[in-house]
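User: I would like to learn how to read the features of a protein model. Could we go through them one at a time?
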Amino acid sequence: SSSSSSSSGSGSGSSLPSPSLFVWCATWNMNAKAPPDSFDDFFAPTSIDHLLPPAAGAGANGATDCGGLGTRSHCDIYAFGTQESYPQRKEFITKVKDTLGSAYRVLDDQALAAIHIVVLIRAALAPFVEGVQSAQVATGIGNVLGNKGGVGVCFRLLGTSFLFVNTHLAAHQGRVQQRNADFHRICRELPLPRTPRLGSARYSADCGERPNAFAQYPDACGRFDRVFWMGDLNYRVNGNRAMVEECLRVWQNGFNTRTDAEQDRLLRPPSRGSDAGAGDKVAAAKVSGSGSGSGSGSG
């Protein structure tokens, strides 16, 4: 997704070469299995190139070809959330770093039992980052066990505050209310940012350095300018397999009968202000959310 960032803040008065940042969020329930030797196809699948910004070769925001994905590294920030994660956390982070190459730096990572998030940023942008913080909220049995819950990483980049949250919510078909409760508990109890000035301009102005800032802004998502939420949310389609397959068949048949121009329109997310119908937006969501659980999506 594209996220605009102001040009004031830390970093010796410098500003971003480009006014926009491109963010890649990916989520993966690993079932405690070892990751592949390379994440190349996960971080830069060629099948969705039309959804991505210009690659690093275009020189946006100090992009250079520094190994790893090199000129296939399209984005400025990568956030990778896993659930039922591979136990060897350091080994996992090393593989992620090796895939992206030396053009990226790890900002922070946070784990709650087998729920894990790691956030990386383009090295040229790292000097502009301040206030990196992370936290966790358990929603498992008794709201103590960490088999379910959320982990978050936040920071401020040139006047814009960012929050990335990875969650694993309650499982099973009939537990919708519990999943909703998990979500609201994480929003309510995630203690970020710990200093109001590192949040959004409104949050900072309203709360200053007051210790009761969370009481005034009880929802963590409301304290930041940009929020990216990902995870194994466990929401289910309310229907049996036959019903789902029939819906997919009808959708696919309708797609196949369209002209090439109409198919191309469906496969590309509508632009802002577009009059695309609800069906077109659903189609775009299906495509942008496909591929090993990764996606370049809006927060």
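User: What percentage of the residues of the chain count as buried?

Analyst: This is a predicted model. A residue counts as buried when its relative accessible area is under 20%. Of the 299 residues in the chain, 45% count as buried. The accessible surface of the chain comes to about 14,500 Å². Carbon and sulfur atoms hold 51% of that surface.

User: How many helices and strands are there in the chain?

Analyst: The chain has eight helices and 10 strands. For contacts with a separation of 6 or more, 66% are between residues 24 or more positions apart.

User: How do I read a sheet, and what is the order of the strands in the open sheet of four?

Analyst: Strands of a sheet pair through backbone hydrogen bonds, in a parallel or an antiparallel way. Here the order is 6-7-8-9, and the pairing is mixed. Strand 6 (129-138) and strand 9 (226-232) are the edge strands, each pairing on one side only. Neighbouring strands of this sheet are turned by 10 degrees against each other on average, direction ignored.

User: Which helix packs on the sheet?

Analyst: Helix 3 (residues 176-189) does, and it touches strand 6, strand 7, strand 8 and strand 9. The direction of helix 3 makes about 135 degrees with that of strand 6.

User: In which sense do strand 7 and strand 8 pair?

Analyst: Strand 7 (residues 149-157) and strand 8 (residues 160-168) are antiparallel, with nine bridges between them. Within this pairing, Val-151 of strand 7 stands opposite Asn-166 in strand 8.

User: Where is Leu-158 found, and is it buried or exposed?

Analyst: Leu-158 is in the loop between strand 7 and strand 8. Its phi is positive, about 50 degrees, although Leu-158 is not a glycine. With 1% relative accessibility, Leu-158 counts as buried. Ala-113 also has a positive phi, near 55 degrees. Ala-113 sits in the loop between strand 4 (104-112) and strand 5 (115-122). Its relative accessible area is 64%, so Ala-113 is exposed.

User: Which peptide bond is cis, with omega near -10 degrees?

Analyst: That is the bond from Leu-192 to Pro-193. Pro-193 belongs to the loop between helix 3 and helix 4 (201-207).

User: What is the idea behind a salt bridge, and what does the count come to here?

Analyst: Side chains of opposite charge can pair when their charged atoms come close. The cut-off is a distance within 4 Å between a side-chain nitrogen of Lys or Arg and a carboxyl oxygen of Asp or Glu. By this rule there are 10 salt bridges. One of them joins Arg-156 and Glu-130, with the closest N and O atoms 4.0 Å apart. Arg-156 lies in strand 7 and Glu-130 in strand 6, so this pair ties together parts 26 residues apart in sequence. Arg-156 is buried at 14% relative accessible area, whereas Glu-130 is partly exposed at 24%.

User: With which other residue does Glu-130 form a salt bridge?

Analyst: Glu-130 also pairs with Arg-197, where the closest N and O atoms are 3.5 Å apart. Arg-197 lies in the loop between helix 3 and helix 4, so the pair ties together parts 67 residues apart in sequence. Arg-197 counts as partly exposed, at 43% relative accessibility.

User: What is the separation of Arg-249 and Glu-246 in helix 6?

Analyst: They are three residues apart in helix 6 (residues 241-256), about one helical turn. Arg-249 is partly exposed at 42% relative accessibility, and Glu-246 is partly exposed at 37%. As for shared partners, salt bridges join Glu-130, Arg-156 and Arg-197 into one network.

Methods
Residues are numbered from 1 along each chain as its sequence is written. This is a predicted model: local features need pLDDT of at least 70, side-chain atom pairs count only at pLDDT 80 or more; totals for chains, interfaces and linings use all residues. Side-chain values use heavy atoms; hydrogens and water are left out. Two strands pair if DSSP finds at least two bridges between them. Helices (H or I, at least four residues) and strands (E, at least two) are DSSP runs, numbered from the N terminus. Axes are lines fitted to C-alpha atoms, for helices over the stretch in contact, and angles run from 0 to 180 degrees between N-to-C directions. Contact means heavy atoms within 4.5 Å. Buried means under 20% relative accessible area, exposed over 50%, partly exposed in between (1.4 Å probe, protein chains only). Accessible areas come from the Shrake-Rupley method with a 1.4 Å probe; for residues, only the protein chains shown count as cover.
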